[in-house]
Amino acid sequence: MTIPTLYPGAIRGSHWYGDTYEGDLMTPNVLCLHTTEGTNVDDYAHGSNAPTLTAGPDFGAKRFTIYQHFALNRSARALENHPGGVETNTLNVIQLELIGTCDPVHKTAWGKLRAGVDYIYWPDAPEWAYDALAELIAWIHTNIGVPLTGPGKWLAYPSSYGGTNARMSFAEWEAFKGICGHQHVPENVHGDPGNLPFAEILAKAKALVGNGGSSTKPVPKPTAPPAFPGRQYFGTGKTNKYIKQLGERLVQKGFGTHYRVGPSEEWGPADRLNVRDFQHSRPELRGDADGLPGPLTWRLLFS
């Protein structure tokens, strides 16, 4: 099986740390689930302790926004990996952070935020969130080959913290293939993602791929990018719907840092700076990073 290095549609941009920390090449056979214990995508100390992917809830669309930090065939950095001990980060594991919490302190509310509306309490998440996680797991199984199996014991936080009977021994970890939580990994003490309803999520993933989780269901092809409207719609003094469409896509891709309020139909300096940041991120565009979208910039941005 040829392992894809990128998850389709994932946002990279400023969230990509693969150029700073290359990581070890690997053939993944494990997926490790974490919870961020926060409500927004983190910068993970500028990538020094980042996972492979972060999944954030889009409550309006009832789906995930996926951020990719490292290639799928390179080791990530979200696990404790002690010198002289068992390999964790580099032992063929894809690491997925789920934005939200497993701490029952935030089961219903987090300050003024409401669980299931503003953030996810993962042991009792909305059903659509479990569906989205199952879809992601099914894709990883189909395209990378991580088995649809895992531990039967997922302890509730905070009793999942530390050296529990759910945590694998070194030998168990080295032999393991499948899906586990941070709470199962040796040399680690974290207890996330808590008592996730793993059996339910796994059943959903198996149903998606069919035959008990052994088929190779093809991934839907991405939709074609919208037609490029023309250079004349962009630049100083221009106002139209295409400028806002461009800005919204830049934000989705992680290149909206120069907006103070958000994209609008009026072209401004932030639009040029954000476009230029995107152009600098792509080798195909670095020689023409003028901050104005042309056909190639548009196609790459919307693909």
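Reader: Is Tyr 130 buried or exposed?

Author: In this predicted model, the relative accessible area of Tyr 130 is 3%. Residues under 20% count as buried, so Tyr 130 is buried.

Reader: Which geometry does the pair of Trp 122 and Tyr 130 have: stacked, edge-to-face or tilted?

Author: The structure holds 14 aromatic pairs. In the pair of Trp 122 and Tyr 130, the ring centres are 6.3 Å apart and the planes stand at 50°. Stacked requires planes under 30 degrees apart and edge-to-face over 60, so this pair is tilted.

Reader: What relative accessibility does Trp 122 have?

Author: Trp 122 is a ring partner of Tyr 130. Trp 122 counts as buried, because its relative accessibility is 0%.

Reader: What radius of gyration does the chain have, and what does the globule rule give?

Author: The chain comprises 6 helices and 7 strands. It is as compact as a globular protein of its length, because its radius of gyration is close to the value from the globule rule for 303 residues.

Reader: What percentage of the residues in the chain is buried?

Author: The chain has 303 residues. Buried residues, among them Trp 122 and Tyr 130, make up 48%.

How values were computed. Residues numbered from 1 in each chain as written. Predicted model: local features only at pLDDT ≥ 70, side-chain atom pairs only at ≥ 80, totals over all residues. Heavy atoms only, no water. Phe/Tyr/Trp six-rings, centres within 6.5 Å; stacked < 30°, edge-to-face > 60°. Buried < 20%, exposed > 50% of the residue type's maximum accessible area, 1.4 Å probe, protein only. Helix = DSSP H or I, 4+ residues; strand = E, 2+ residues; numbered from the N terminus. Rg over C-alpha atoms; globule rule 2.2 N^0.38 Å.
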